[in-house]
Amino acid sequence: MIIKKHKNVIKVFSFALMPLMVLSLSWAPITYAKNLQDQPQSETPIDTPAKEEPSSIKSNEEQGDGLEIGPEIVDQPVRRSTLPAPTIGKVFYDATTISGGNVQRKRVGGKTVRSTVYVTLKDKNGNEKATVSVTPSSGVTWTVNLPGGVTVAEGDTVTAYQTLAGDTSDVVTANAEPSKAFENKDKLKMPVGEIWIEQTNANIVNDDEQAEATEMLKNANPDIAGDFSSVKFSINGTEHAYYEVTYTDGSTSGKIEAPDLKIKQVTETSMGATIGDITVVDNVIKGKLAGPGPFDGIKVQLVLNVNKNKLDQYCNENKCLVDKDSSKPVDTVVDTTTGEFSYTIPNPDLKIDQIVGVSVKEPHKFISCSTTTVQPAPVGKTEVRDPRKLTEDDKTAIVAAIKEAYTVNGESKLPNGTGFYKDIPAFIEFDKDGNVRIINPSNVNASWSGGTFVPNKKADGSLDVKDESEVIKYLAKDLVKNIAPKSPAIAVDTDNGEVTITPPAYKVPGDDTDLLSYTITYKDASGAEKTVTATRDLKTNKWSGTGVDENTGVITLSVEDIELAGTIKATAKDNGGLEGDTDKLDSVEESKTLETATVSYNGNGGAGKMDGKKLNKGSKYKILSNAFTAPENQEFDTWEVNGKKLAPGTEITVDKDTQVKAIWKESRVKLKITTSVTNGTIDPSCDVYKGDNKTINYAPNDGYKLKSVTVDGTEVDISTYPNSYTFTNLDKNHEIAVVYELPTYTVTYNWGGEAPEGKAVPKDTGSYHKGDHYTVDTTYKAGDTAEGEKDGKKGTWAFSGWTDPNNGTMGDGDATITGSWTFTEAAKHQVTYDWGADAPAGKDLPKDSGSYYAGDHYDVDATYKAGDTAEGEKDGKKGTWAFSGWTDPNNGTMGDGDATITGSWTFTEEPANPKDPKNPGTAKPSSANVLPKTGDATSTPFYVGVMTLIGSALLALARGLKKNNNQ
């Protein structure tokens, strides 16, 4: 009964403890236990199992080098085991571990098991020093650790065998031998000096530092350096440096401190390097170190393809890191004098936008790194007349230049089609601005029609590309070079006495479609320098300039307006090229020198001399009156020019050297009449027979005035003879000279209406006779403008140009030259105000009803000022509105468009003061403070668990007592 009762009580407490266990699990830390089953088992001495002794011993020849038959097993019976024996590696003096190989394995019970190797170490007297065993968990090699304090000594012997699934191998043996580490223990010297380390704070030695440390150790030990298989150099801060040497026989020196090797912290960074532009067709990468020489001991490496996604890692602080997706760094050869370096790429296959990295490592400095990006091949610029309007010939030449740039050793490096797209060359496409895209055929959406590749095109005519990032692109500015325009043409027409200057063609592609202007210079008949510029409107092809034909741009000059043998020079100017080539270029200067011809007089037997004249070919010339003295009994008849009889005063065109020859006839009574200014109404019949009477009429023409009449040297009273003079009974030659006064006229200018303020009408103070040439004013030209006002309005006045009815040659009266000004009112603008968002109720935006011209001043509203406040509401909440002040972008001066002045209101809600409804005037308690504090808030689960545990325990106890009572 008591036992049963106790049993029930145990059940009760077990039941009660359950919640406590669950609760404990929630508090228990999670730990990580490494599976030791896969680690080498701990080697502890064990007794050899009570099995029959091995009956077979492997000989030294059967076991291999370093193994001998131990004396302790020589007398044992010999038998051959079916389980192969393990092998023993070399056993060196001072070793604390012994290892070997040939571990066997077998399937037992569906699992793979490995043999257990038993190892015994005995001294030279046969005394056992240690016996250990190991069952490797993987592989075919084994290693045992000797017990603490036990090491291999000279004369020691090691024996080993293995067991597996009830089978036992033969025993093998090996004798201890000295290692190179043992032999060199007292010979190994630590280096002295300094070594520079980058990461002393992390105790990290990088590969370059390891190599330098190893070289220092070898230099300190020249006699035994050949025995070194590897050297490991390590540090502890900047105070301790250590070496551990592994010799060629596998033995190690252990970690040895180098007390006289001083560790220096690297603080400086290596110099940078610059790499020339790398293009997709290059096979040599060239660069130069950025610092001063000499450049001894500097290591430069290239990474031909840096992973773009890890670019920030490559250019890391004091590091140049590459990942598995980047190419391996390659060394370059550095010229120690110039700092130049180069690298020939074995198999050039560079891609556009490929990242090439370069690192520079100076001795005792941090490494520096930088990158450059592979660019499209540079294409030689094609010379074109108009870079903005390429002709088909221009495009053909550009394509040829691109193909040449992408050809290396006769092989095209363009993205031509391969595989399925074989024999389809790369597309070279121009847009309307002359920019070029080079596209791989495989990157074009297309269809095949009867085996023919048909690329798809977009609405604008361009190819439909799959991936725009794969397209090679060139801007037009990088492909074309603007060349100077052709020269204007200068032609002399001696038949018409004109010089025409014609601009180079500019209308159709291939011509100078970007021709902007051309300028001519010459000296006029007076020797004054003259310059005329003809300017072309690139949009309308219309020309402007003094004497320039609006439609053709041709300038026509009279040879008579040009100095004798004068030279006309003409130079054209274009509109410049694209970005980087924007200089407006001038053509080669074209020039033409006028040829001259001489007019001479031939007396043809008459006495005296008459001066001729030298003229520009094509000039007009009036033949003079005869001044030769007639031969005896002869009188002047006419002039002969080029076989034609011409009277004095006849105008001829001189297009070659011209002789004016006097023609004589039989003498008669001669009345030699000379006049000044005009012939008036003088009778043209000037010779009569002797004895005749002759009346000479000299009444002046309209507008002229008779000044004097002289007969045979005696002045005649013109009041007595106002219109004529009569010779009676002529018996000899007489001379009569009549002088008229030619009236003079003036030139005046007239605006013909209103004109801008300050624009005065030109003045011409000269006086001109009929037929005189005068120059029209050039102060004002057609199209000139002036800012001003009219009727209180601001605007622009535009001048129409001058209208001269006489075209610069004086007529029969004063000349009036007219021009007019046209006024166009300027645009007006308004000022508006804008809150930008919400504003307080009752606050109206200011209004400005004025209209303003650009430049006019206006006043910014002063009704509202920065910091003004107003009580109000927003979204049903009460608070205060505050005004920011006005922001005027024009600062009170009207610009070229309407002005908007902005200001904003900011609303701040009135602070709330909630009240506890159960206790007015007292703040309602926060829900965060409802629960009373009982220590750390995080202990709540604990108390809940305790309460649960107590309740469960009481319930269980009650049930247990009740059950016991029932029993």
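Predicted model: local features only at pLDDT ≥ 70, side-chain atom pairs only at ≥ 80, totals over all residues.
Mentor: Welcome! Local features here need pLDDT of at least 70 and side-chain atom pairs count only at pLDDT 80 or more, while totals for chains, interfaces and linings use all residues. Residues are numbered from 1 along each chain as its sequence is written, and side-chain values use heavy atoms, with hydrogens and water left out.

Trainee: Why is V356 called buried?

Mentor: Buried means under 20% relative accessible area, with a 1.4 Å probe and protein chains only. V356 has 0% relative accessibility, so V356 counts as buried.

Trainee: Which residues does V356 touch, not counting residues up to four places away in sequence?

Mentor: They are I278, I285, V303, L304, V306, S370, T371, T372 and V374; contact means heavy atoms within 4.5 Å. V356 and V374 are 18 residues apart in sequence, yet 7.2 Å apart in space, C-alpha to C-alpha.

Trainee: What makes a set of residues a nonpolar core?

Mentor: Its members are buried Ala, Val, Leu, Ile, Met, Phe, Trp, Tyr and Cys residues, joined through side-chain atoms within 4.5 Å. The largest nonpolar core has 42 residues, and L289, F341, I402, Y406, I438 and Y474 touch the most other members. Helix α6 (residues 392-405) gives the most to this core, with 5 residues; a helix is a DSSP run of H or I, at least four residues, numbered from the N terminus.

Trainee: Which residues does a second, separate core include?

Mentor: That core of 23 residues includes Y93, A95, V119 and A176.

Methods. Buried < 20%, exposed > 50% of the residue type's maximum accessible area, 1.4 Å probe, protein only. Helix = DSSP H or I, 4+ residues; strand = E, 2+ residues; numbered from the N terminus.
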